[in-house]
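I open this notebook to record what I looked up in the structure below. The entries follow the order in which I consulted it.

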Amino acid sequence: HHILEGVFSSPTVTDPANVDQLLAVLPEIADRVLDAAPDVEGFRETAWWRQTRAEIVEQVRRSLEGLADISRGYELVACELRFAHDHPLVIGGGEDRLLLQGVIDRVDRNEHGLRVIDYKTGGASAFTPKALQDGRKLQLPLYALAVRDAFGLGDVAEGFYWHIRNAQKSKLFLSGYEGGVETACAVAVGWVQYAVHSIRDGEFSPSPPREGCPPYCAAAGFCW
């Protein structure tokens, strides 16, 4: 995330679709981010760190090439756009009023409108329209709402997750969701309000995920 932000925010990158500009600044920015990573992220360097660094740079390089390929005709609006205390996303009103904060990885614009991209290091298989419909992947439509409502930048015409390690887009596109971007956002808001109401009502009974419980769950020692 930090490397991609540094590359696209570089003053020498004037076109997000110009792969030569992107790759030209990659080595310096990657070295700076990765040199600081152990202290910033709080981990100990091992003998394998040099190899891990090389793998990270290669994954980012492939992602830069892929992102450039799908960014023709777009201009970069913002990277790491933070909505928090001064620009919260407000959902609902009255007793149901909820303030959300977060960080939007990237916002682009072309002649058709705004596009939101959320970077992910995990695989693409879980990021599907059904995952949004079932309330499991809500970030993207909430980010689209934040772009429109918290920052007043306008309506979002497109959005997707970008999977860095695979250099590919998710199967979930806001524009391709049944009913379009507006419906995707409404579904996400509905799940957010459901979660808040459930918390306030004390509904904390365990519900195993359909793919099974992860072995690292903190409740594994006492959950039935």
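**Entry 1: Two helices in contact**

I listed the residues through which two helices meet: Pro141, Leu142, Ala144 and Leu145 in H5 touch Ala184, Cys185, Ala188, Val189 and Val192 in H6. I note that the model is a predicted one.

I next looked up the geometry of the pair. Helix H5 spans residues 139–150 and helix H6 spans residues 180–200; their axes lie 8 Å apart, at an angle of about 105 degrees. Angles of 65 to 115 degrees count as roughly perpendicular, and H5 and H6 are therefore roughly perpendicular to each other.

I asked how many residues of strand E5 (residues 113–120) are buried. I found that eight of its eight residues are buried.

I then looked up the pairing. Strand E4 (residues 102–110) runs antiparallel to E5, and five bridges join them. E4 and E5 form a hairpin, with two residues between them. E5 pairs with E6 in the parallel sense, over seven bridges. I followed Ile117 in E5: Arg106 stands opposite Ile117, and Ile117 also stands opposite Phe160 in E6.

**Entry 2: Positive phi angles**

Glu80 lies in strand E1 (residues 75–83). Its relative accessibility is 24%, so Glu80 counts as partly exposed.

I recorded Ala167 as well, a non-glycine with a positive phi of about 50 degrees. Ala167 sits in the loop between strand E6 (156–163) and strand E7 (168–173).

Methods
Residues numbered from 1 in each chain as written. Predicted model: local features only at pLDDT ≥ 70, side-chain atom pairs only at ≥ 80, totals over all residues. Heavy atoms only, no water. Helix = DSSP H or I, 4+ residues; strand = E, 2+ residues; numbered from the N terminus. Buried < 20%, exposed > 50% of the residue type's maximum accessible area, 1.4 Å probe, protein only. Axes fitted to C-alpha atoms, helices over the stretch in contact; angles between N-to-C directions. Parallel < 35°, antiparallel > 145°, perpendicular 65-115°, else oblique. Contact = heavy atoms within 4.5 Å. Pairing = 2+ DSSP bridges.
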